[in-house]
Amino acid sequence: MIERILRLNDVTDDSLFLWGPRQTGKSTLLKQLFPDAPYYDLLKSEEYTRYKIHPSLLREECEMLSEGSVVIIDEVQKIPALLDEVHWLIVNRDIHFILCGSSARKLRREGANLLGGRALRKTMHPFVSAEIPEFDIDKAVNHGMLPRHYLAANPQKRLQAYIGDYLQQEIIAEALVRNLDSFNRFMEVAALSDGEMVNYTKIASECGVSSKSVKEYFSILEETLVGFYLPAFTKVIKRRVQVSPKFYYFDVGVANFLLRRGSLLRGTAEYGHAFEHFIIQEIRAYLDYSESNKQLSFWHTQNNAYEVDAVIGDAEVAIEIKSSDSVNSSHLKGLKAFKEEHPECRLVVVSLDEKPRLLNGVEVWPAKMFLEKLWKGDICGDKIE
């Protein structure tokens, strides 16, 4: 059994919202960590119907528990009214809740009680490299890191079902869009922009919808945790920079499927794009799990002369991601330009080189070694407790 890094120890003192895309392993983790906790699974039709009709049943049942007890409600967004009962139980009975779901969008849209700061927010990511014995980077780049997909010999059918389930459960069930065909087309076009700066007008033209609709579609992907924006590093010293964000799907396997990528081989442009996506995915998960206050961003000058794939914090670490097996000085242009403006910045290249080395003052790390250092806190300096 693979042991997950996310531990949820805060629940001894606080209640928690645990959000994460479907199939990241939230329910499995909760059952492992809290096997004796009362567990309300709103995916079960009988439980959903029972508490939908009588939300007060939750309060009546939990009043029988001792103070400090932990209670889990899975798919809490399905019945927003339960949060009023949860709020009362937190305040009056000191019950600690873990409120689990794939999106807070429905709760916000319906004006649900989000507990007024009485619950911490945690996010569950797909597998990360540090969780997997004998981790295989080529498998991760091809299959993605969702547990059922990474562990499968051939995940294509599972990915197809996953995308279909997402559209059905997150989009149709919540009536988030009127034209599902347009949204489906948008998801495919958005995949073409995966890891690129977002151009709403261009995407709208390719989808046959308005720019306003495209912005709303991106908002849906972000708020249902299926995608995320990577902001631009906008601190200007000398060179003018781009300010538009990049967009990534939350898992590289999802992007691969939507782009109809086949088996990705080292040395191809498609592998390079997926490799970059995967490393960004790992850094993002690390910063989240370590509860770092450092922002992850990218740097791109307005004249397109220079770019750095990842910047951590206030120019503390700049990272270039190259799927080359032999990094050379031509790969360092963006990092060197960034260093001119931020001389204290640590410069790193993540690559497929066999051994680490120092190239003109830049640390070159083989991907697996970089990931090991990342999760030990040797890249960003934030330890995971």
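Me: Which residues does Ile 319 touch, not counting residues up to four places away in sequence?
Reply: This is a predicted model. In it, Ile 319 touches Ile 283, Val 308, Asp 309, Ala 310, Ile 312, Leu 335, Val 348, Val 350 and Phe 370, leaving out residues up to four places away in sequence.

Me: How should I read a nonpolar core, and which residues of the largest one touch the most other members?
Reply: In soluble globular proteins, nonpolar side chains tend to be buried together. Here the largest nonpolar core has 59 residues, and those that touch the most other members are Ile 98, Phe 275, Phe 278, Ile 283, Ile 319 and Phe 370. Helix α13 (residues 269–289) gives the most to this core, eleven residues. A second, separate core has 26 residues, including Leu 146, Ala 191, Ile 220 and Val 226.

Me: Is Ser 297 buried or exposed?
Reply: Buried means under 20% relative accessible area. Ser 297 has a relative accessible area of 0%, so Ser 297 is buried. This residue lies in strand β9 (residues 296–300). Beyond its neighbours within four places in sequence, Ser 297 is in contact with Leu 230, Pro 231, Ala 232, Phe 233, Asp 309, Ala 310 and Val 311.

Me: In what order do the five strands of the open sheet come?
Reply: The order is β2-β3-β4-β1-β5, with parallel pairing. At the edges are β2 (39–41) and β5 (119–123), each pairing on one side only. From one strand to the next, the twist averages 15 degrees.

Me: How many bridges join β2 to strand β3?
Reply: Three bridges join β2 to β3 (residues 70–74), and the two run parallel. Asp 41 has Asp 74 in β3 as its bridge partner.

Terms used:
Residues numbered from 1 in each chain as written. Predicted model: local features only at pLDDT ≥ 70, side-chain atom pairs only at ≥ 80, totals over all residues. Heavy atoms only, no water. Helix = DSSP H or I, 4+ residues; strand = E, 2+ residues; numbered from the N terminus. Buried < 20%, exposed > 50% of the residue type's maximum accessible area, 1.4 Å probe, protein only. Contact = heavy atoms within 4.5 Å. Core = buried A, V, L, I, M, F, W, Y, C linked by side-chain atoms within 4.5 Å. Pairing = 2+ DSSP bridges. Axes fitted to C-alpha atoms, helices over the stretch in contact; angles between N-to-C directions.
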